[in-house]
Amino acid sequence: MTLELKDKLRKIKIEKGDKIRKYLTKFTQCQDELGSVDVIVVEDDLVSLALLGLPKSWHNYQDSVNGKEKLSEWENLWSDLVQEEI
């Protein structure tokens with residue numbers, strides 16, 4: 001179960017037509033599922049996986065986040081991505 005959930009988290013990608021909120025909610029739900037079996041997902045990992053799952057059209061945004069000295073916190077990434085989408 002744990003390996004399946006970790007794999008599910010790793011494979012989350014934004015689907016064509018998905019809004020950012022729906023995409024990020026998938027991460028939160030999977031994180032909650034992992035937490036229910038006592039697996040903690042480090043926030044930096046969650047941020048990195050979310051950035052990796054974005055389409056190529058978000059490449060400039062990914063570069064700007066990756067270029068920072070410290071990765072964004074999950075809540076900041078969430079609000080930044082929603083703003084970028086608008």
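Close-up 1. At a relative accessibility of 24%, Asp7 counts as partly exposed (buried means under 20% relative accessible area, exposed over 50%, and partly exposed in between, with a 1.4 Å probe and protein chains only). The model shown is predicted, so that local features need pLDDT of at least 70 and side-chain atom pairs count only at pLDDT 80 or more, whereas totals for chains, interfaces and linings use all residues. Residues are numbered from 1 along each chain as its sequence is written, and side-chain values use heavy atoms, with hydrogens and water left out. Asp7 forms a salt bridge with Arg10, in which the closest N and O atoms are 2.3 Å apart; a salt bridge is a side-chain nitrogen of Lys or Arg within 4 Å of a carboxyl oxygen of Asp or Glu. Asp7 and Arg10 lie three residues apart in helix α1 (residues 2-10) and are therefore separated by about one helical turn, where helices (H or I, at least four residues) and strands (E, at least two) are DSSP runs numbered from the N terminus. Arg10 is partly exposed, its relative accessible area being 47%. Asp7 also forms a salt bridge with Lys11, with 3.1 Å between the closest N and O atoms, and Lys11 counts as exposed at 52% relative accessibility.

**Close-up 2. The salt bridge between Asp18 and Lys26.** The side chains of Asp18 and Lys26 meet in a salt bridge with an N to O distance of 3.1 Å. Asp18 is buried, with a relative accessible area of 14%, whereas Lys26 is partly exposed, with a relative accessible area of 24%. Elsewhere, salt bridges that share partners join Asp7, Arg10 and Lys11 into one network. The count of salt bridges comes to five.

**Close-up 3. The aromatic pair of Trp74 and Trp78.** A search of the whole structure finds four aromatic pairs, where rings of Phe, Tyr and Trp (its six-membered ring) pair if their centres lie within 6.5 Å, and planes under 30 degrees apart count as stacked, over 60 as edge-to-face and the rest as tilted. Trp74 and Trp78 form an edge-to-face pair, with 6.1 Å from centre to centre and 80° between the planes. Because Trp74 and Trp78 are four residues apart in helix α5 (residues 74-85), about one helical turn separates them. Trp74 is buried, at a relative accessible area of 10%, while Trp78 counts as partly exposed at 21% relative accessibility.

**Close-up 4. The aromatic cluster.** Ring pairs link Trp74 and Trp78 with Tyr23 and Phe27 into a cluster.
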